[in-house]
Amino acid sequence: MKQRKPLLDRRKVVADILKDRGEALIVAGLGATCWDTMAAGDSPLNFYTWGGMGGTAMIGLGLALAQPRRRVLVITGDGDMLMGLGSLATIGVQQPRNLALIVIDNERYGETGMQDTHTRFGVDLAGMARSAGFRASGTVYAAAQLKTWIARFYRQPGPVFCDIKVTAQAAPLVLPVREGPALKNRFREALLGTRAYE
């Protein structure tokens, strides 16, 4: 299968997605998607998973089910998504209407040396999500396509899945707080206020 060459810059993609996020809750996958999210603007409503490979989508699902009136965006990489493919089936069964799962797909394992992932060889993550029962699922290669999908991330009844093909070019590190308990407590307090410790 011949692959289309990705043309999008990951840092710009994430910045465009989060530009008008409002009060949406963001779960950022490990490594580069954490840095992309931080570079777009830190917020206490960002939950950076740092090293939880394979679990980002399930954290997003739990949050979406616990906060059904809030929009939840999971922004993660193809390596993390490939490790957690079973989460697509679980999300498809649960059908959270407030969840959008966004994969920033550079077709590489960026944290371990830029080895090719299976998406480089034609594995279709959007097709898997569609088969799992996501209400909307697609692959984005160009800025015009992304523009139409950004509105879907925030408004279309979910679950929504989008695989966004980006170049493998590295971006500068923009690191959020690294301590897990501090990130968790900050997020809980921003979301729940005084109820965070009840």
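Contact here means heavy atoms within 4.5 Å. This is a predicted model: local features need pLDDT of at least 70, side-chain atom pairs count only at pLDDT 80 or more, and totals for chains, interfaces and linings use all residues. Residues are numbered from 1 along each chain as its sequence is written, and side-chain values use heavy atoms, with hydrogens and water left out.

Figure 1. Gln67 sits in the loop between helix H3 (56-66) and strand S3 (72-77). Helices (H or I, at least four residues) and strands (E, at least two) are DSSP runs, numbered from the N terminus. Buried means under 20% relative accessible area, exposed over 50%, and partly exposed in between (1.4 Å probe, protein chains only).

**Figure 2. The buried face of helix H3.** Thr56, Ala57, Gly60, Leu61, Leu63 and Ala64 are buried in H3. Seen down the helix axis, the buried residues fall within an arc of 165°, so they line one face of H3. The arc is that of the directions from the helix axis to the C-beta atoms. An α-helix has 3.6 residues a turn, so residues three or four places apart point the same way. The cover over the buried residues of H3 includes S1, S3, helix H4 (78-83), helix H5 (86-94), strand S4 (99-105) and helix H8 (180-192).

**Figure 3. Arg21, buried without a salt bridge.** Arg21 belongs to the loop between helix H1 (10-18) and strand S1 (25-28). The nearest side chain of opposite charge is Asp42, 7.2 Å away. Lys and Arg count as positive and Asp and Glu as negative; His and the chain ends are not counted. A salt bridge is a side-chain nitrogen of Lys or Arg within 4 Å of a carboxyl oxygen of Asp or Glu. A polar atom of the Arg21 side chain lies 2.8 Å from the backbone oxygen of Ala24. Beyond residues up to four places away in sequence, Arg21 touches Ile26, Ser43, Leu45, Asn46 and Tyr154.

**Figure 4. The salt bridge of Arg10 and Asp36.** The closest N and O atoms of the pair are 2.7 Å apart. The pair links distant parts of the chain: Arg10 is in helix H1 and Asp36 in helix H2 (residues 32-39), 26 residues apart. Arg10 counts as buried at 7% relative accessibility. Asp36 also counts as buried, at 0%.

**Figure 5. Lys165 and two aspartates.** Lys165 forms a salt bridge with Asp105, with the closest N and O atoms 2.9 Å apart. This pair links distant parts of the chain: Lys165 in strand S8 and Asp105 in strand S4, 60 residues apart. Lys165 also forms a salt bridge with Asp163, where the closest N and O atoms are 3.9 Å apart. Lys165 is buried, with a relative accessible area of 3%. Asp105 is buried at 0%, and Asp163 counts as buried at 2%.

**Figure 6. Backbone geometry at Gln95 and Pro159.** Most residues other than glycine have a negative phi, and most peptide bonds are trans. Gln95 is not a glycine, yet has a positive phi of about 55°. Gln95 lies in the loop between H5 and S4. A cis peptide bond joins Gly158 and Pro159, with omega about 5°. Pro159 is placed in the loop between helix H7 (143-155) and strand S8 (160-165).

Definitions and conventions
A polar contact is a pair of N or O atoms within 3.5 Å; within protein, one must be able to donate a hydrogen and the other to accept it, and residues adjacent in sequence count only if both atoms are side-chain atoms.
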